[in-house]
Amino acid sequence: MQTIRRMMDHLYWANKELLKGLRELPNESGEIGRLFRHILIAELVWATRLEGGSSAHLALWEESDIASLEQLARDNEQRYKRYIDGLAESDLDCTFEYANQSGVKFRSSIRDILIHVALHGQYHRGQINAALRRQAGSPVALDYILFSRLDEIPNS
């Protein structure tokens, strides 16, 4: 559980850092906005499935404004924290069946889904940073090691 929690804490931090970077852009729409919304909607899709609901109504690739992205990131964080707080270590290897967005059925463990959620966002944050470099010249630093060093910074 400790590793899962740490990975998810990095996800929450990375989402917040990316939102800070997007707020500085004159226009968050287009490729960058769609990619970031995709990350957040994918997080919502998996949370919905983990809670036993259907995610069929959630569209993965649409545009959104920065205020909606900020709210979605906050809601996802609260939802995952609540879900994970209710899990025991032994729950992580429980499997359940769910349908993907196309209706195809799969079976996965809770552990694999939570690891997927944490890693999926990293992939697309890399794409966003490449687009930021092209558009604005500077990506947002989101490496895990930067997040881990926050524990080492003394309060001033």
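Is E31 buried, partly exposed or exposed, and what is its relative accessible area? E31 is partly exposed, at 34% (buried is under 20% relative accessible area, exposed over 50%, partly exposed in between, with a 1.4 Å probe and protein chains only).

1. This is a predicted model, in which local features need pLDDT of at least 70 and side-chain atom pairs count only at pLDDT 80 or more, while totals for chains, interfaces and linings use all residues. Residues are numbered from 1 along each chain as its sequence is written, and side-chain values use heavy atoms, leaving out hydrogens and water.

2. The protein chain has five helices and two strands, in the order α-α-α-β-β-α-α from the N terminus (DSSP runs: helices are H or I, at least four residues; strands are E, at least two). Of its 156 residues, 46% are buried.

3. Ten salt bridges are counted (a side-chain nitrogen of Lys or Arg within 4 Å of a carboxyl oxygen of Asp or Glu). One of them joins R134 to E31, with the closest N and O atoms 3.1 Å apart. R134 lies in helix α4 and E31 in helix α2, so the pair ties together parts 103 residues apart in sequence. R134 is exposed, at 56% relative accessibility.

4. R111 and E89 also form a salt bridge, at 3.8 Å from N to O. R111 belongs to helix α4 and E89 to the loop between α3 and β1, 22 residues apart. R111 is partly exposed at 24%, and E89 is partly exposed at 43%.

5. K20 and E17 form a salt bridge at 2.8 Å, N to O. Both are in helix α1, three residues apart, or about one helical turn.
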